[in-house]
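Welcome! Please have a look at the entry below, and then we can walk through a few of its features together.

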Amino acid sequence: MQGTPAGGTRPGPSPMDRQTLLVFSLILASALGQMNFTGDQVLRVLAKDEKQLSLLRDLEGLKPQKVDFWRGPARPSLPVDMRVPFSELKYIKAYLESHGLAYSIMIKDIQVLLDEEREAMAKSRRLERSTSSFSYSSYHTLEEIYSWIDNFVTEHSDIVSKIQIGNSFENRSILVLKFSTGGSRHPAIWIDTGIHSREWITHATGIWTANKIVSDYGKDRVLTDILKAMDIFIELVTNPDGFAFTHSMNRLWRKNKSIRPGIFCIGVDLNRNWKSGFGGNGSNSNPCSETYHGPSPQSEPEVAAIVNFITAHGNFKALISIHSYSQMLMYPYGRSLEPVSNQRELYDLAKDAVEALYKVHGIEYFFGSISTTLYVASGITVDWAYDSGIKYAFSFELRDTGRYGFLLPATQIIPTAQETWMALRTIMEHTLNHPY
Amino acid sequence: MQPRRQPPPAPRSGPGNPRPTAPLLALLLLLAPVVAPAGSRSAEDPAQPEDAGVPRRLLQQAARAALHFFNFRAGSPSALRVLAEVQEGRAWINPKEGCKVDVVFSTERYKPESLLQEGEGRLGKCSARVVFKNQKPRPAINVTCTRLIEKKKRQQEDYLLYKQMKQLKNPLEIVSIPDNHGHIDPYLRPIWDLAFLGSSYVMWEMTTQVSHYYLAQLTSVRQWKTNDDTIDFDYTVLLHELSTQEIIPCHIHLVWYPGKPLKVKYHCQELQTPEEASGTEEGSAVPTELSNF
């Protein structure tokens, strides 16, 4: 890199831009496998006078080349930046020190910087610019999902909006998508996915479903009728802290990430923290347990946010909570074997929903009340919903039945979402046709 | 037609919960052959839907336990079977003693993309008697299955797998199988199959009336060569127990040679209590130890 001519202000790109350009070109060189910059440093030297400047220029002339000037020797008051290959560092530093040239290390290891930049670039590529390039058949990170939500809401602002209903324990936003054709306080349907963070198929299904709703609105008679009279709310990442943790540290994490003083283990099972039979059979008071119910009902911000939202709204008619795995569709109660008052209706509806699901890809689901179909569990979402007056409260356990379990291959995302949609649609249609 | 009686609720709740105190001796629960309408799986009698789930679930779990045992005993990583469908069964539940289940079920091959697979959806049929002694693990199992794969083909596939394993670099630097997105590299498939075989033994030994296990993930692998050409395989898996939702790390050490009975030793980590320090992980020489519920 040649220095600029002496005298007058320097033309050309600003120092920051130039450095960026350099970094990019190095990335390219590195990516092409031509160069490795591990251990190379960029030194900034301040020459006091012309004599010192000329010493630096001497370096430039050395053969074989020992330095690569990013900002060449120009005037004594201007800093000189030079890239020094790792193998020459000792020599160059000795040279500078012996001639009394003061220097500082601007970049300690270029390769590290390059790697970080490359990573950041790849990352920003993944944060898609529009939802049409978003892959519905892959699993995504929290950032990718939240980015998709913003794009999605922008693209379909006529019927979709985003609501923040609270913050998680680690202070992440808790977001809900609202699908509405207008009106005030329409009767509403609630769907949540990801309350247990390791159940990745549920978030993926939720995202596909959101897109399905906007795609089919105006085309599918049943869906269009539903949206004319009702609002749909979808909470895609009900446990954002847990979900981030499944990506960073522990793929099989289930609970949230709440910490309490004096308690050695982390996290509360969000599906045991509701105010319905709290602390009963099928939940655990041991904080180290996967079904730890927490210190008190709704103690967890992720649960409290939903309770507050649904209660304040006051007009929810159906609630569907989506989990994996086991291939089941169930209704309350989980906390006991006692049947709910409209058990017969829920049984018939579940049966219809499961048959609609089966017709898509031939996947068989069990159905029935939670306590008789899966196991006794207390303090769960759908029990609370039912006790709060929401007559149509259902819990899904999506694919599969244990071959892959939580680690369901991404190739099964779209088939799972397609069949689940038919069951959801059946439930929503019934809710529409049975106002109360 | 035998009258159908409602069984006492099976003790499926979490740890520390009281057993049902029904003062009954033995209950016979007879189920007609299960031919449910396509896609739906519940009671045939809608008037009593609430008792439908219990026996069905119990039959499924008994079938799975029988398969863990069957797979272990067969000792063949290329002939592993998984449950396809429960066809019929009955259960005798005695709250004081335990539970006995007779079950007939169909199976399919675990390996989805076998080179020597003949035809799509080849189903085998098994019948099993599974006896759970009250809350004790290691159910007594008597199981027979129709042959799914010809013996010679099975031996060929086992030997192929054996050779693939022998050719792998040692020590293996495996991160996770499947990866977090559920994908298994075909090149790593033999490792997974062998790990599943060893895990089957562990899962059978740990199964009780209320605890049922699935293999979630293989998280670390080491393989040593031995002089007598057996595969000496040391690895860690994560098991998922359904009723408590716990993930249990188990360290497993197996020795295998095609056609020879499988040798397995293991140690599974216990559930932490708030007062304990983190659980210990010991070497493979330690005999069986159970998760503490």
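How many of the 17 residues of helix 6 of chain A are buried? The answer is 14, so helix 6 is mostly covered, where buried means under 20% relative accessible area. Please keep in mind throughout that this is a predicted model.

## Helix 6 of chain A

Helix 6 of chain A runs over residues 200-216, and the distance from its first C-alpha to its last is 24 Å, close to the 24 Å expected at 1.5 Å a residue. After the helix comes Gly218(A), with a positive phi near 95°.

## Chain A as a whole

Chain A contains 13 helices and 12 strands. Of its 436 residues, 58% are buried. Its accessible surface is about 17500 Å², and carbon and sulfur atoms account for 54% of that. If we take the contacts between residues at least 6 apart in sequence, 73% of them join residues at least 24 apart.

The chain is divided into domain 1 (41-108) and domain 2 (134-433). Taken over C-alpha atoms, the centres of these two domains are 61 Å apart.

## A salt-bridge network in chain A

Over all chains, the structure holds 25 salt bridges. Some of them link Glu170(A), Arg172(A), Asp241(A) and Lys257(A) in a network. Within it, Arg172(A) pairs with Glu170(A), with the closest N and O atoms 2.7 Å apart. Both residues are partly exposed: Arg172(A) has 26% relative accessibility, and Glu170(A) has 37%.

Arg172(A) also forms a salt bridge with Asp241(A), here with 2.8 Å between the closest N and O atoms. Because Asp241(A) lies in helix 8 and Arg172(A) in the loop between strand 5 (160-167) and strand 6 (173-179), this pair ties together parts of chain A that are 69 residues apart in sequence. Asp241(A) counts as buried, at 1% relative accessibility.

## A nonpolar patch

On the surface, Phe169(A), Ile259(A) and Ile266(A) form a nonpolar patch with about 250 Å² of accessible area together. One of these residues, Ile259(A), sits in the loop between helix 8 (240-248) and helix 9 (301-313).

## Over to chain B

In chain B, Glu205(B) and Arg138(B) meet through their side chains in a salt bridge of 2.4 Å, N to O. Glu205(B) belongs to helix 3 (residues 189-206) and Arg138(B) to the loop between strand 5 (124-133) and strand 6 (140-145), so the bridge ties together parts 67 residues apart in sequence. Glu205(B) is buried at 7% relative accessibility, while Arg138(B) is partly exposed at 46%.

Cys268(B) is found in strand 10 (residues 263-268) of chain B. This cysteine is buried, with a relative accessible area of 0%.

Definitions and conventions:
Residues numbered from 1 in each chain as written. Chains lettered and ligands numbered in written order. Predicted model: local features only at pLDDT ≥ 70, side-chain atom pairs only at ≥ 80, totals over all residues. Heavy atoms only, no water. Domains from an automatic or database assignment. Helix = DSSP H or I, 4+ residues; strand = E, 2+ residues; numbered from the N terminus. Expected span 1.5 Å × (residues − 1). Buried < 20%, exposed > 50% of the residue type's maximum accessible area, 1.4 Å probe, protein only. Patch = residues over 30% accessible without salt bridge, like charges linked within 9 Å, V, L, I, M, F, W, Y side chains within 5 Å. Areas by Shrake-Rupley, 256 points an atom, 1.4 Å probe, with all protein chains shown as cover. Salt bridge = Lys/Arg side-chain N within 4 Å of Asp/Glu carboxyl O. Contact = heavy atoms within 4.5 Å.
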